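Hi,

Here is the structure I said I would pass on.

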Number of protein chains: 2
Amino acid sequence: MPLADVDTPALILDLDAFEGNLAHMSDAVRGRPVRLRPHAKSHKCAEIALRQVAAGAVGVCCQKVGEAEVLVAGGVEDVLIANEIVGEDKLARLAALARKAKLAVCADAAENVAGLDAAAARAGVRLDVFVEVNVGADRCGVEPGAPALALARTIAVCEHLRFAGLQAYHGGAQHLRSVAERRGAIGRAVGMVQATRTLIERSGIACATVTGAGTGSFPLELASGAYDELQPGSYIFMDADYNRNEFDATWPRFEQSLFVWTTVMSRPAPARAVVDAGLKASSVDSGMPQVWKLPGVDYVNASDEHGVLSIAADARAPDLGAKLLLVPGHCDPTVNLYDWYVCVRRGVVEALWPVSARGALR
Amino acid sequence: MPLADVDTPALILDLDAFEGNLAHMSDAVRGRPVRLRPHAKSHKCAEIALRQVAAGAVGVCCQKVGEAEVLVAGGVEDVLIANEIVGEDKLARLAALARKAKLAVCADAAENVAGLDAAAARAGVRLDVFVEVNVGADRCGVEPGAPALALARTIAVCEHLRFAGLQAYHGGAQHLRSVAERRGAIGRAVGMVQATRTLIERSGIACATVTGAGTGSFPLELASGAYDELQPGSYIFMDADYNRNEFDATWPRFEQSLFVWTTVMSRPAPARAVVDAGLKASSVDSGMPQVWKLPGVDYVNASDEHGVLSIAADARAPDLGAKLLLVPGHCDPTVNLYDWYVCVRRGVVEALWPVSARGALR
């Protein structure tokens, strides 16, 4: 089926661009002493995770037990839940899943470590646990240095846990627009990570792996030598927010592969068109979607099921019924609105991949 | 099961508040020459639509053919798609559905009317079509007056269509904060509606129904005498954005019935807690969610799977593992993130209702 015949709104994956992005990332880490563990929270799709592994990733990370369950059921053998998991139900599911695949999780509180140990004991497994360190994002994580060491010790003495290393992701740095700002933020994070790892290892506790980094910063963590694993997620898709970042000319250049396919459902005025993709078709938390390759036509306002386009006087105005590609403002929550990727190569539908972990919130 | 045992994040419907809201709306229209046609885009749930009908509504409206299909399959017999439907596939589905239920749709372009007529002819049905009039929202809709008359004429001469009246919803007025501003905006809309209806009827075309209004404005449309049907949606749930509106003391007072149930997954600092409900659990397009009845604790930042709470020095700080209720910033796109309503009465789960039209974008 040609893309032109696909009904809208639909989530489109351009396979040439997607495969190019996979290759760019493989090239970036090839021969370097670092493993790639892409973040599956962006795609929520075992088909994509398996392709990342085939392209050299050691496994993936994700944020929710429900995502890990779907990925393992889909054949992924090595999953890091790069997040704290709290609550008895979830801990029991996490421990049960560790019987089926290599599984690791993060912690930032002794109370949570005790819960992980008890759940692992009940399930008869030994769980890898990373200490999440706050390297500047001020979200989860213990502070670097002594608090991280204390929690590493707590984990190391648990019979059913293994201290696996440090989770050190700087979420706040990913969308700092200039390379210089990101370089500064990641430089500070690297300093905290190195000091914390040294402190832990001098205390006689092995710190096997430091894991972190995202699409906006990973060349900096890679160059630092302080990270053993990189966790970029959005690089396979890109989005309007990441496309606003300044990228260093020496960094891999990822192409836009993810789109929302939409129809012009109303042309009420010369300077206005309305498309059928609104808030339920493209997340606006990081700004409006952008109209792909239609200069002078801007998506200016989203309501539940409508997107209003502003059309400049000299722009080529889309007709009623025309179909357009939108670049989502933020890829991750946009993907989570859909059940399927419509995978397209040079204008022809080649496959449908399920967003199997869509809505996997728990 | 007590609410306390429900795992998070989950979408909670407080049944007492929900039923109270249904009753308040029934009371508001009882004995008035106006019909209630609540908007099902807010809830996407046949169980809720049937309760609205049982409480006196003539039917519901929705925005997508896919929503209408789910509602009709769930037993709803009268559905207005309060929106333009463009594209052959959708028109064929719309016409096919009109064989199973009383169905109506809107149009704002002659080209679209021709498509509707052709689809209705092929399906062997006669479709009710409303002319959508732009009464100030500057989204879809023909301009009031002569353009609306011209389109009504176009519909009236189509063999397989019936001109049903005017769709006149002022979306832009719903969240004007002061009653005075909303009164002004709806007053102007009412003037346009009355003039347009008069023009059409003087041309010899019956204009049976004027339909429109939302939760933020419906008492004004009701009082105007210009509307035959009201389309409020959010009143059954309410949300943080509607709760910021000023309401006239004489208007029905709707209670918050919709919540996101979330767990404190990290307590990294005295002034900071992190909950497990982020952008994929509560839409932030109309502002952050609010923490329910926990003074001094504010949801200040959302990322994909995390919500950061700021805790004032004198506030009762929630413990790690505590579960909290959040009031969504915007109810409609939040509901669309979930597969189920967990319906709770006085702290006990009473039912699970499916969000059957979740993701029904087409």
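**What I found**

M238(A) is found in the loop between β9 (229–230) and α9 (240–243) of chain A. M238(A) is not a glycine, yet has a positive phi of about 65°. M238(A) is also buried, with 22 other C-beta atoms within 10 Å. (Buried means 20 or more other C-beta atoms within 10 Å of the residue's own, exposed means 12 or fewer, and partly exposed is in between, with C-beta atoms placed from the backbone.)

Before going further, some housekeeping. This is a predicted model, in which local features need pLDDT of at least 70 and side-chain atom pairs count only at pLDDT 80 or more, while totals for chains, interfaces and linings use all residues. Residues are numbered from 1 along each chain as its sequence is written, and chains are lettered from A and ligands numbered from 1 in the order in which they are written.

K44(A) is another non-glycine with a positive phi, here about 55°. You'll find K44(A) in the loop between β2 and α2 (46–54) of chain A, and with 27 C-beta neighbours inside 10 Å it counts as buried. There is also a cis peptide bond from T8(A) to P9(A), with omega near -10°. P9(A) sits in the segment before β1 (10–14) of chain A. In chain B, T8(B) and P9(B) are joined by a cis peptide bond too, with omega about -10°.

**The sheet and a buried strand**

Chain A has an open sheet of eight strands in the order β2-β9-β8-β7-β6-β5-β4-β3, with parallel pairing. Two strands count as paired if DSSP finds at least two bridges between them. At the edges are β2 (35–36) and β3 (60–62) of chain A, each pairing on one side only. β3(A) pairs with β4(A) in the parallel sense over three bridges, and C62(A) stands opposite I81(A) in β4(A).

Elsewhere, four of the five residues of β15 (residues 323–327) of chain A are buried, so that strand is largely enclosed by the rest of the structure. β15(A) pairs with β10(A) in the antiparallel sense over four bridges; T263(A) has K323(A) in β15(A) as its bridge partner. β12 (residues 290–291) of chain A also runs antiparallel to β15(A), joined by two bridges, and the partner of Q290(A) there is V327(A).

**How the two chains meet**

A rotation of 180° with 0.0 Å of shift along its axis superposes chain A on chain B, with an RMSD of 0.0 Å. The two copies are thus related as by a two-fold rotation axis. (The superposition is by least squares on the C-alpha atoms of residues with pLDDT of at least 70 in both copies.) Of the residues of chain A, D285(A) comes closest to that axis, at 3.0 Å (C-alpha).

The contact takes 50 residues from chain A and 51 residues from chain B, where contact means C-beta atoms, placed from the backbone, within 7 Å. On the chain A side, the largest share, five residues, comes from β10(A). Since 100% of the interface residues of chain A are also interface residues in chain B, the copies meet through the same surface.

Cheers

Terms used:
Two residues are in contact if their C-beta atoms, placed from the backbone, lie within 7 Å.
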